[in-house]
Amino acid sequence: MSTRIAFLKGHGTENDFVIVPDPENALDLPPATVAALCDRRAGIGGDGLLHVVRSAAHPEAKEMAAEAEWFMDYRNGDGSVAEMCGNGVRVFARYLQHAGLVAEGDLAIATRGGVKSVHIAKDGDVTVGMGRARLPEGDVTVSVGERSWPARNVNMGNPHAVAFVDDLAHAGDLFSPPPFSPASAYPDGVNVEFVVDRGPRHVALRVHERGSGETRSCGTGACAVAVAAARRDGADPTATGSPVTYTVDVPGGRLVITEQPDGEIEMTGPAVIVAEGEIEPGWLETAAR
């Protein structure tokens, strides 16, 4: 990499990302490069990387180009590829607005989890249509140390195991992935949410994100938690015809999750651009080895 590469830094409820604009998909971003950029001590630092590409220029997004001009090529902090990131979509939308590529109002963003509908509000919050949750059958258990809990299997385009606990401290340090069983439930790993109640339709979570460790927030995780809490509480909008809204506190802030009668889930929360600059090519060539 002989030329300087532009980057930005942003966060959504403190789920933070390195943003790399690359409209024509000209950059080679192998896992080692992404991990170096996301390293919190030796790199820029982030829970993940948002590679901003025109859908028509990316082989995984070409078929979505007619619906969404922009593709969020999302990578976890360890460099691995992920299907979706709810907070990432909000920050991705904020970047597009910051760069003058879109305005307030509605837009569509392509992801590996499908095309997502986004609304940028005048008050600064961003709402993302997260699609419908799938609730795979079968019992799942997650463990931390000697404690184990039953977990709800929720898929939001990526896999989640939602466990309701008495105390968020029971989740431990979340540096390593909490063990789960059966292994067949999540052959590619899983995001694990530990959840406590704060009040009526109000919960709080801690999360271990697959490929990133504990993060300050997880958008798809907050949606999975809201769905799991609703079903636990006997609420199913697709059956009653009435939307259900949960407030979900994450370590980095607050998200509001609404499940509509058609099953569509909407997530609303803040998204902030905090810095922009250039990556030193010499450093990156050395750091990614």
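Modeller: Here is a run through the labels and their cut-offs. It's a predicted model, with local features needing pLDDT of at least 70 and side-chain atom pairs counting only at pLDDT 80 or more, while totals for chains, interfaces and linings use all residues. Residues are numbered from 1 along each chain as its sequence is written, and side-chain values use heavy atoms, with hydrogens and water left out.

Colleague: Fine. What makes the protein chain as compact as a globular protein of that length?

Modeller: The protein chain has five helices and 18 strands (DSSP runs numbered from the N terminus: H or I of at least four residues for helices, E of at least two for strands). Its radius of gyration is 18 Å, close to the 19 Å that the globule rule gives for 289 residues, so the label holds. That radius is taken over C-alpha atoms, and the rule is 2.2 Å times the number of residues to the power 0.38. The C-alpha trace spans about 55 × 40 × 30 Å along its principal axes.

Colleague: And why does R210 count as buried?

Modeller: Buried means under 20% relative accessible area, exposed over 50%, and partly exposed in between, using a 1.4 Å probe and protein chains only. R210 has 16% relative accessibility, so it counts as buried. R210 sits in the loop between β13 (202-209) and β14 (213-215). Across the protein chain, buried residues make up 51% of the 289.

Colleague: What does the side chain of R210 make a polar contact with?

Modeller: The side chain of E83, at 2.8 Å. The cut-off is a pair of N or O atoms within 3.5 Å; within protein, one must be able to donate a hydrogen and the other to accept it, and residues adjacent in sequence count only if both atoms are side-chain atoms. Leaving out residues up to four places away in sequence, R210 also touches N76, N158 and D188, among others (contact means heavy atoms within 4.5 Å).

Colleague: What do you call a nonpolar core?

Modeller: A set of buried Ala, Val, Leu, Ile, Met, Phe, Trp, Tyr and Cys residues joined through side-chain atoms within 4.5 Å. The largest one here has 51 residues, and M72, I109 and I257 have the most contacts inside it. Helix α3 (residues 219-232) gives the largest share of this core, nine residues. Apart from it lies another core of 17 residues, including V140 and L168.
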